[in-house]
Amino acid sequence: MPVSTEVSWQLDGIEMYGTVVRPDGPGPFPGVVLVAGSGPTDRDWCSPLLPGENGAGKLFAEAFADAGFASMRYDKRASGPHVMENLPTLAGTFSMASHLAELVAAVQAFVAQDFVDASRLVGMGNSEGTLHVLHYATADEPHPFAGIVLAAPPGRPVGELLLMQLRLQLSQAPGGDEMMALIEQACARYKDGQPMDPDPSLPEQLRMVLLSFDTPANLPLARELFAESACDTLPRVTVPTLVLIGGKDLQVDAQADGTPLQAATSGMDGITFEFPPEANHVFKHETRSAAEVVAAGTAYNDADTQLDAESLKVILDWISTVTGAGTSFPL
């Protein structure tokens, strides 16, 4: 029976919180550090924008423990139950470097557990979290990853992904083409180093999405993210790497993102690509079409959603090989 423990540690005077899940027994166990996606996504991979409590991060941690791996998942300082008390201190300090510092601190807290084998660590990120895992894997850290899992890494600059997502959402909306033209103009200004300055005729919800990239509290991270893709860092990775993009992912695309990632790593050893056909952005099982999902609304964390079995097997088998556990898991 897996054992789950709440842990905490200090980073720059702010208390951070995480959950360590381990198999029953003394260990030491190979370990996986899970890094959540963008914005206020918490340790379980849930978000105020995506309500529910059945987050894929939590499900992965439980599945890892069942398979013999310990795991750490953590709330970024701008996510989870303590976000409101942290924001006044964090405003204006968000950056790719600050996210890397959070991951470094989480790894240190994880390897401090006496049942974790620090020589057999794997980093696993989802979406934006893949960029932070890549930054860790290409830095000189005291506890290097033996391998990394990139679940839905952006193979294009995040600004291009934003445009793709908005285009999909507006494809069925009255006046969608006209709104997209105005959004593209705002993003072009931002790419050139200017403010977004979205047109006042755009709906308030869309304006707020665009204006969030200019909010001082979100800088410099917003500008860094807008221009970065995994293609920038992945070619510098020297440890085994598993890249997964789901066939039902509406945010990262197997062709538009997977193809440039494969091109960027052409000729490299140790890079494995998998495209599970019925996995969505957080690697839950999805059988509906993209149009059906958009019409019904994204429900990543509904109580009846489950991890995609094919994706889970691929991940477990790969981690087992990289960490020397030598086990193959049934589908």
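Does R156 count as buried or exposed, and at what relative accessibility? In this predicted model, R156 counts as buried, because its relative accessibility is 13% and the cut-off for that class is under 20%.

The side chain of R156 takes part in a salt bridge with that of D257, at 2.7 Å from N to O. This pair joins distant parts of the chain, 101 residues apart: R156 belongs to the loop between β6 (147–151) and α5 (158–170), whereas D257 belongs to the loop between β7 (241–244) and α9 (258–264). D257 is likewise buried, since its relative accessible area is 0%.

A second salt bridge brings together the side chains of D12 and R77, with an N to O distance of 3.6 Å. Here too the partners come from distant parts of the chain, 65 residues apart: D12 is in the loop between β1 (3–11) and β2 (14–22), and R77 is in the loop between β4 (70–74) and α2 (83–90). With a relative accessible area of 5%, R77 is buried. D12, by contrast, counts as exposed at 63% relative accessibility, because exposed residues are those over 50%.

The side chains of E286 and R288 also meet in a salt bridge, at 2.9 Å from N to O. E286 is buried, with a relative accessible area of 10%, while R288 is partly exposed at 30%.

Salt bridges in this model also form a network, which links E6, R43 and D75. In total, the count of salt bridges comes to twelve.

Note on methods:
Residues are numbered from 1 along each chain as its sequence is written. This is a predicted model: local features need pLDDT of at least 70, side-chain atom pairs count only at pLDDT 80 or more; totals for chains, interfaces and linings use all residues. Side-chain values use heavy atoms; hydrogens and water are left out. A salt bridge is a side-chain nitrogen of Lys or Arg within 4 Å of a carboxyl oxygen of Asp or Glu. Helices (H or I, at least four residues) and strands (E, at least two) are DSSP runs, numbered from the N terminus. Buried means under 20% relative accessible area, exposed over 50%, partly exposed in between (1.4 Å probe, protein chains only).
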